[in-house]
Amino acid sequence: MRTPTWLTGLALAAIAVMSAMSLSAAANAAAPPGTVTGVAVGAGDTNLDWAKLKAEGVQFAYVEDTSGTMSNNPLFKAQYQGARGVGMLVGATHFALPDTSSGTTQADYFVANGGSWTANEGILPPVLDIEWSPFGSACYGLSQAAMGNWISQFVTEVHAKTARWPVIYTATAWWTECTGNLRGFAADDPLWTTQSPSGPAALPYNWTTLTFVSVPDDALHAYYDGTLADLTKFANG
């Protein structure tokens, strides 16, 4: 995934501005057989042709929503509704800033501003995007124990508010460095990470499966490891 573009204008990966056609082509070319093609979009993606994407095989979209408790993607509503309007499964993501407020506070803000979930409406579970800080210390100045507590606060509050455990997007190296593998979230929270250029990467802590996968050097493209029927069931709860 990437740093919210409405916060910094920077990406964690090298991103080119893609047309809807090239975005879809890249996605379909990279998704392995037996998976479902999707996109992860944000404020920098201003000219998406949702109908064209859907016609070319993109079946789901995750849309950057909030970060901390101060920022929202100004295109969130249009992107979210655009994806839903053509029949895609759609969900929202929150970029964590653990040094600015508690996990509970940020979860409440996220759910109140687009990160909610309703059963049987084609809405994907909320996503917690927690990774290297774009502003300084990789671990936001938190100890491993404090980071584990922050993440626990966030996912527990999202579950309390929505009845869904959020998907966690992270990187194995960050998870090891910043949590020390102190907490076990694999039983409840599905995992989303970026695969290695050479193939599947080692998974963080005790996760044994990937639910969503991003492709290296392509911050827009993602895929779901399963069939469309599986993904629809996953979305609807």
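Colleague: Which residues in helix 8 (residues 228-236) are buried, and what makes them count as buried?

Modeller: This is a predicted model, and in helix 8 the residues L231, F234, A235 and N236 are buried; they are called so because each has under 20% relative accessible area. Just after helix 8, G237 takes a positive phi of about 75°.

Colleague: Why is the set of residues that includes W50, I130 and I151 called a nonpolar core?

Modeller: The term applies because its members are buried residues of the listed nonpolar types, joined through side-chain atoms within 4.5 Å. The largest such core has 44 residues, of which W50, I130 and I151 touch the most other members, and helix 6 (residues 144-162) supplies the largest share, 6 residues. A second, separate core of 16 residues includes V167, W192, L231 and F234.

Colleague: What is W50 in contact with, leaving aside its neighbours within four places in sequence?

Modeller: W50 is in contact with V39, V41, A61, Q79, G82, A83, V86 and M88, and these count as contacts because heavy atoms lie within 4.5 Å.

Colleague: What makes the crossing of helix 5 and helix 6 right-handed?

Modeller: Helix 5 (residues 103-112) packs against helix 6 at an angle of about 35°, with their axes 7 Å apart. The crossing is called right-handed because the near helix is turned clockwise from the far one.

Colleague: How many residues of each class does the contact of helix 5 with helix 6 have?

Modeller: That contact has 6 nonpolar, 5 polar and 3 charged residues; among those meeting there are F110 and V111 in helix 5, and W150 and F154 in helix 6.

Key:
Residues are numbered from 1 along each chain as its sequence is written. This is a predicted model: local features need pLDDT of at least 70, side-chain atom pairs count only at pLDDT 80 or more; totals for chains, interfaces and linings use all residues. Side-chain values use heavy atoms; hydrogens and water are left out. Buried means under 20% relative accessible area, exposed over 50%, partly exposed in between (1.4 Å probe, protein chains only). Helices (H or I, at least four residues) and strands (E, at least two) are DSSP runs, numbered from the N terminus. Axes are lines fitted to C-alpha atoms, for helices over the stretch in contact, and angles run from 0 to 180 degrees between N-to-C directions. Ala, Val, Leu, Ile, Met, Phe, Trp, Tyr, Cys and Pro count as nonpolar, Asp, Glu, Lys and Arg as charged, and the others, Gly among them, as polar.
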